[in-house]
Each structure stands twice: as structure tokens, then as C-alpha cells.
Number of protein chains: 2
Amino acid sequence: MVGALKSVRSAKKGPRARGVREEPGVRRQAIVEATMRCIAEYGYAATTIDRICEEADISRGLINHHFSSKDELIAQTYKQLAEDLKAETRRAVQASEGGAEARLRAIVRVSFQAPIFDERTLAVWLGFWSVVRTSEVLRGMHRELYASYRRALAGILEAMARERGVAIDAPRAALTLTALIDGLWLEWCLDPQAFSPEAAEAACLAVLEGLFR
Amino acid sequence: MVGALKSVRSAKKGPRARGVREEPGVRRQAIVEATMRCIAEYGYAATTIDRICEEADISRGLINHHFSSKDELIAQTYKQLAEDLKAETRRAVQASEGGAEARLRAIVRVSFQAPIFDERTLAVWLGFWSVVRTSEVLRGMHRELYASYRRALAGILEAMARERGVAIDAPRAALTLTALIDGLWLEWCLDPQAFSPEAAEAACLAVLEGLFR
DNA sequence: AAAATTAGGTTGAACGTTCATTCAATAGCA
DNA sequence: TGCTATTGAATGAACGTTCAACCTAATTTT
């Protein structure tokens, strides 16, 4: 869950439990979430194994017990965040009532509201962008994610055009919307005082409206 | 110059000249450009002092003679690239003939043409984004750059609105355009096969047109 | 004009630190 | 008695930085 990013630094220190059986995968999940918090807090470059261990309150050796390497942990973390964002968006779409236009408006709304439109969440997402270019694995996941996102968006845009009885270039419109959202995420993350979430959403909705005229 | 990024790996190896007097600052410039090439080629994380030295064909110690630290070198490199992008855009605007609309179209055009819209150039720019969040110095430069860019854009948008005799929300329109351009840079850089430069420019021009209706 | 001196660019080995990874040892659960 | 989770010290590689020594051009002295 993206919400788990909300800085829940564990307070209790001291000796840790050894050999305690937990639900399978919960430790993995905890490590992944600690990794996200580290990237959000210190940036990607300063996200070391030591820091992740401290954040997750585990010993150094445990990470390589649950993950074959740091690269794999990073890849899993990216995958998790991508799935979180996708799930959050899907949830918003399914909760919307009305036609294609309502679904599109729901997508725009969820993109500029917590937990997605949150400085820490976007910082992690942004931190991964520069790594996507150099990591084979991450690049593959990224392309698949964005391709499917644009495809889904184009489908809804096409449906909205039918609703309104106008013709649009759906692929181009989908490209426009994804780029605009990414750009607003980026710029707000790098300077949250430059504009408000409301302004970002309004700008996005204005462009959406402009696409159908 | 941004164009210097075009991978001009020096071929000649062997012993290097010692103590040769050169124009002041040319070595600094060469190191900065080598840094850009490294970020473009290997990514920000893999841009080490050793690699920069190899790329610039100098010894390891020389960097700390021209720059007080790696951080300063990185900051200088960011500054250089930011100035290059700004200068390239300004050039395009000044070369344009006509009114505010022509100037805006020139800005859009130059944003999606070489040397700016180039995989290596954008990779460096993208590589810096995640660092901007964690470096005090870079963050300051970034905010100043984007604030002035949006301000200038809003001015031209206002002028174009006057030309057409319509009223627009110029600050919001400027925010929209910068975010859209950044988003298209980002997405094309991470997946150049997702869409063509022409499609990106067309999408941007369509949004520009939509802002005035 | 020749020689000596100064100044600053350049080198590469050395240093201390930090990093990811490995592994023998340990603890609890089945 | 296994089996798996967990620890923490050890390892070696890679990192940024420092520094004494070197080299050449420019400047000053003789």
C-alpha cells in the first residue's frame, strides 16, 4: 500500500526477535516499504542497505536472505509502487458513477489527491525515473506499465468522444494526458510551493476539455 | 554547448602533456562536458570520478584541482546544462518572426528538436531531477530556472491572448505548457519508441491551441 | 641573452571511508 | 531433529579525497 509510506518510524529499539515465524512475505513487504521510505527521505543515491536495515529495524544480513541482491530489492520496490499506483487509479475508476467522462474525471482527480499526489510518494516515483533508463528490468516494467496506461486511457477517451458525438485522436489525447500528469507530478515534487494540487487538477481538466473541441 | 554531448570519445591515448598552459577554463569546461557524457551514457549513479576522468582523458587528481569537490562539479554541470537549454530556447524565440503566437510556436518547436530533444541531452536532464530534491544548491537553481521560465511563458501567452482578442488564465496556461513539455521529455527519454518527436510537438501545439478557445 | 626562479597545471599512489555481499553461528518452530 | 529466519562480524571492491612530486611556461635575475 502506498499509504504505508507515511513515515511510521518504529520507535522500539533493543534486541530483536530471532527465528520467530511470521506470515510468509510480511518481512519482504516490510523491507520493500522501508526502501520506499528511504528513497522518499534521503533520495535514491543515499538509499543504502544499511539505511534500509535501520529503517526496517532488521540486521544487515537479512536483506540478502529475502532478496538475492540489492538490484532485486530495488526492482521489487519499483514493481510494488507501480502496482500501488495502478491499483489506486483502478479503484477510482471503478468507484466512479456515470459514463466515460466520469471515469476520466475520476482518473484526473485521483492523480492529484493523496495518497498518490503526495510529496513522499512522488519522490519515490521520481527517484526511480533516472534508474529506469539504466536498468534493463525496470525499463521493461516501465514500458509495459505506460503502454497499458496509455491504451486504457485511449479507450476511455474514445468512449467519451462517442458520448459527445465528436471525433478525436485518442492515442494522441492519451499521450497528452499521461505526459501532462507526469509533468505536473514532477514539477510539484521538485517545488511544492510552485502551485497547488487544485491548480494542477484544474489545469489537467482544462486540457481534457480542450481535447474535445 | 549542448551539442558537445554528441559522444566525441577522444581516440588518442598514451602519456598526457604535463604542465601545458591552456586557455583558462577550457579544462573545467572539458570536465563538465565529460560529466554530462557520463550521465548520459551510464546514468547518474554510475558517474564516478574515475569514469569522468577516463572520459575526459585526465588523471584522477586533476578534478579536485579544478573543482573543490564532486558536489561542486555536479552543481556546475547542472548549471551549464540549464544555461544551455535556456540559451537554446532564447535563440529560437529571437529568431522567430511574427507576434506572440510565432514566439510560442518557436518555443514548442525547439523543445522537440535537436539538440534539446535528444536522447542523451534529455537523459542528463532527467538524471538531475532526482538529485534536485536532495541537493540544496541544485534545488535553488531549479526553482529559479522554472519560475523564470513560467513567468516568461505567461507573458508571451498573455500577449497572444491580446492578439486574438480572447482572455486566458496565463499563469495556468504557462504551468500547463511547462508540465506538458517536461512530461513529454520524460516519457520519450524513458521510451523513445513510444511516440515520435513529431507526435510530441503536435500534441503540444494542439494543447496550445486548446488554451485559446 | 642566458640562467635561475616562480607559478601553476598535472600526475598517480596512498588513504580512509563506505558500500554490498558472504557466511558461520544462533534461535525458535515444527 | 531438522528447518527456516535472523544475526553481526568479516571481506573485498569501489568510492572521493589528499598530497608529495613532476613538468612546462612565464617571469625575473644576472
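**Notebook: two chains, helix by helix**

I started at B:Pro115, which lies in the loop between helix 5 (100-111) and helix 6 of chain B. Helices here are DSSP runs of H or I with at least four residues, strands are runs of E with at least two, and both are numbered from the N terminus. The model is predicted, so local features need pLDDT of at least 70 and side-chain atom pairs count only at pLDDT 80 or more, while totals for chains, interfaces and linings use all residues. Residues are numbered from 1 along each chain as its sequence is written, and chains are lettered from A and ligands numbered from 1 in the order in which they are written.

**Entry 1: cis peptides**

The bond from B:Ala114 to B:Pro115 is cis, with omega near 5 degrees. I then went to chain A. There, a cis peptide bond joins A:Ala114 and A:Pro115, and omega is about 10 degrees. A:Pro115 sits in the loop between helix 5 (100-111) and helix 6 (119-132) of chain A.

**Entry 2: positive phi**

Which residue of chain A has a positive phi although it is not a glycine? I found A:Asp57, with phi of about 60 degrees. A:Asp57 lies in the loop between helix 2 (49-56) and helix 3 (60-66) of chain A. I counted 14 C-beta neighbours inside 10 Å, so A:Asp57 is partly exposed. For the cut-offs, a residue with 20 or more other C-beta atoms within 10 Å of its own is buried, one with 12 or fewer is exposed, and one in between is partly exposed; C-beta atoms are placed from the backbone.

B:Asp57 also has a positive phi of about 60 degrees, and is not a glycine. Its loop runs between helix 2 (49-56) and helix 3 (63-66) of chain B. B:Asp57 is partly exposed because it has 14 C-beta neighbours inside 10 Å.

**Entry 3: chain A overall**

Chain A has nine helices and zero strands. From the N terminus on, its elements read α-α-α-α-α-α-α-α-α. Of the 213 residues in chain A, 38% are buried. I also looked at contacts, meaning pairs whose C-beta atoms, placed from the backbone, lie within 7 Å. Among contacts in chain A with a separation of 6 or more, 60% join residues 24 or more positions apart.

I compared spans with expectation, which is 1.5 Å times one less than the number of residues. Helix 5 of chain B has twelve residues and reaches 17 Å from its first C-alpha to its last, close to the expected 16 Å. Its buried residues are B:Arg103, B:Leu104, B:Ala106, B:Ile107, B:Val108, B:Val110 and B:Ser111. What covers them includes helix 4 (70-95), helix 7, helix 8 and helix 9 of chain B.

Helix 8 of chain B has 21 residues and reaches 30 Å, close to the expected 30 Å. It is mostly covered, with 19 of its 21 residues buried. In chain A, helix 8 (residues 170-190) likewise has 21 residues and reaches 30 Å. Of those 21 residues, 19 are buried.

I then turned to a helix pair in chain B. Helix 1 (residues 26-42) and helix 6 of chain B pack at an angle of about 90 degrees, with their axes 8 Å apart. Helix 1 of chain B is therefore roughly perpendicular to helix 6 of chain B. Axes are lines fitted to C-alpha atoms, for helices over the stretch in contact, and angles run from 0 to 180 degrees between N-to-C directions. Under 35 degrees counts as roughly parallel, over 145 as roughly antiparallel, 65 to 115 as roughly perpendicular, and the rest as oblique.

From helix 1 of chain B come B:Met36, B:Ile39 and B:Ala40. They meet B:Arg120, B:Ala123, B:Val124 and B:Gly127 of helix 6 of chain B. By class, this contact has five nonpolar, one polar and one charged residues. Ala, Val, Leu, Ile, Met, Phe, Trp, Tyr, Cys and Pro count as nonpolar, Asp, Glu, Lys and Arg as charged, and the others, Gly among them, as polar.

**Entry 4: the interface**

How many residues of chain B are in contact with chain A? I got 39, against 38 residues of chain A. Helix 6 (119-132), helix 7 (136-164), helix 8 (170-190) and helix 9 (197-210) of chain B each supply at least two residues to that side. Helix 8 of chain B gives the most, with 13 residues. By class, the side of chain B that touches chain A has 23 nonpolar, nine polar and seven charged residues.

Last, I superposed the copies by least squares on the C-alpha atoms of residues with pLDDT of at least 70 in both. Chain B can be laid on chain A with an RMSD of 0.0 Å by a turn of 180 degrees and a shift of 0.0 Å along the axis. The two copies are thus related as by a two-fold rotation axis. The same surface serves both, as 97% of the contact residues of chain B recur in chain A.

Technical notes: Contact = placed C-beta atoms within 7 Å.
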